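Good morning, and thank you for making time for this item.

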Amino acid sequence: MTSATSDESRVEPRGWLADSSLWSLVAVNVLVLALALYQHWSFGSLLMLYWTQSVVIGVANICRILSLDHFSTEGYTVNGRPVEPTPATKRKTARFFAVHYGVFHAVYLGFIVGILRREPLWTWTIALGTALFVLNHLWSYRRNRELDRRGTPNIGALMFFPYIRILPMHAIILSGALFAPAAFGIALFAVLKTAADVAMHVVEHRLLRKVAPAPPLAGPPADAAPLRAPPRS
């Protein structure tokens, strides 16, 4: 008989080195860096692309919250009050995150527009890079959704993790915009951004996997009497 541990080891990859969504993230970042250097992007164009990646991360997180079957609300409060893990809680959390995350990125976009000035805000190369990030995060979302269905993730953690994911990444990018706007600086800070992106991807996935198992399907009580066939007349 095959043990449960060996079954899980076949389903879940062993360690982050076997995480396909992680390596696809690295591949997309490398392709984006090559595209930026080949097309001689400005730092503003690179910021614009990474802004679109942040938006994609937010949209994927909203879809992930709304697709939860079972979730925990431990330590999560709304207006200072604890809430129950109900569909209404799930919808309210998704709406709150969408508004807060959207305002944050609207302000950030205004900062990028100020950097770009007379440069085009949207080009076909930025659109191509955005499409690559969409494919990567779609793959990651589908994988995370399957993991969520096997456990009971905390909805509060799901709401805040995108900020933990993107803030180190953008802090590195913005510091690069101030100190190294040349081609070498773009390459250097794109590499550092990729490292921060990968590190927070690993941290996020490890922490969100530490969830309770999904509740078992409802069945008859253990002490219920077995069904018997009616006596023949």
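The chain on the screen contains seven helices and four strands. Please keep in mind that this is a predicted model. In sequence order, the elements run α-α-α-β-β-α-α-β-α-α-β.

Let me give some overall values. Of the 233 residues in the chain, 40% are buried. As for contacts with a separation of 6 or more, 87% of them involve residues 24 or more positions apart.

I turn now to helix α4, which covers residues 87-116. This helix has 30 residues, and the distance from its first C-alpha to its last is 42 Å, close to the 44 Å expected at 1.5 Å a residue. Which residues of α4 are buried? They are T89, K90, T93, A94, F97, Y101, H105, Y108, I112 and L116. Directly after α4 comes R117, whose phi is positive, at about 55 degrees.

Next, the packing of two other helices. Helix α2, residues 20-38, packs with α5 at an angle of about 175 degrees, and their axes lie 9 Å apart. Because angles over 145 degrees count as roughly antiparallel, α2 is described as roughly antiparallel to α5. On the α2 side, the contact is made by S20, S21, S24, L25, V28, N29, L31, V32 and L35. On the α5 side, the contributors are T125, L128, G129, L132, F133, N136, H137, W139, S140 and R143.

In general terms, side chains of opposite charge can pair when their charged atoms come close. How many salt bridges does the chain have? The count is three.

I begin with D148 and R64, whose closest N and O atoms are 2.7 Å apart in their salt bridge. This pair links distant parts of the chain, since D148 sits in helix α5 (residues 124-150) and R64 in helix α3 (residues 43-66), 84 residues apart.

The next salt bridge joins D69 and R149, with 3.5 Å between the closest N and O atoms. Here too, distant parts of the chain are linked: D69 lies in the loop between α3 and β1 (77-78), R149 in helix α5, and the two are 80 residues apart. R149 counts as partly exposed, because its relative accessibility is 38%.

R149 also forms a salt bridge with E146, where the closest N and O atoms are 3.7 Å apart. Why are E146 and R149 separated by about one helical turn? They are three residues apart in helix α5, and that spacing therefore corresponds to about one turn. E146 is partly exposed as well, at 35% relative accessibility. Taken together, D69, E146 and R149 are linked in a network of salt bridges.

To close, I would draw attention again to helix α5: this helix packs with α2, holds D148, the partner of R64 in α3, and contains both E146 and R149. Thank you for your attention.

Conventions. Residues numbered from 1 in each chain as written. Predicted model: local features only at pLDDT ≥ 70, side-chain atom pairs only at ≥ 80, totals over all residues. Heavy atoms only, no water. Buried < 20%, exposed > 50% of the residue type's maximum accessible area, 1.4 Å probe, protein only. Contact = heavy atoms within 4.5 Å. Expected span 1.5 Å × (residues − 1). Salt bridge = Lys/Arg side-chain N within 4 Å of Asp/Glu carboxyl O. Axes fitted to C-alpha atoms, helices over the stretch in contact; angles between N-to-C directions. Parallel < 35°, antiparallel > 145°, perpendicular 65-115°, else oblique.
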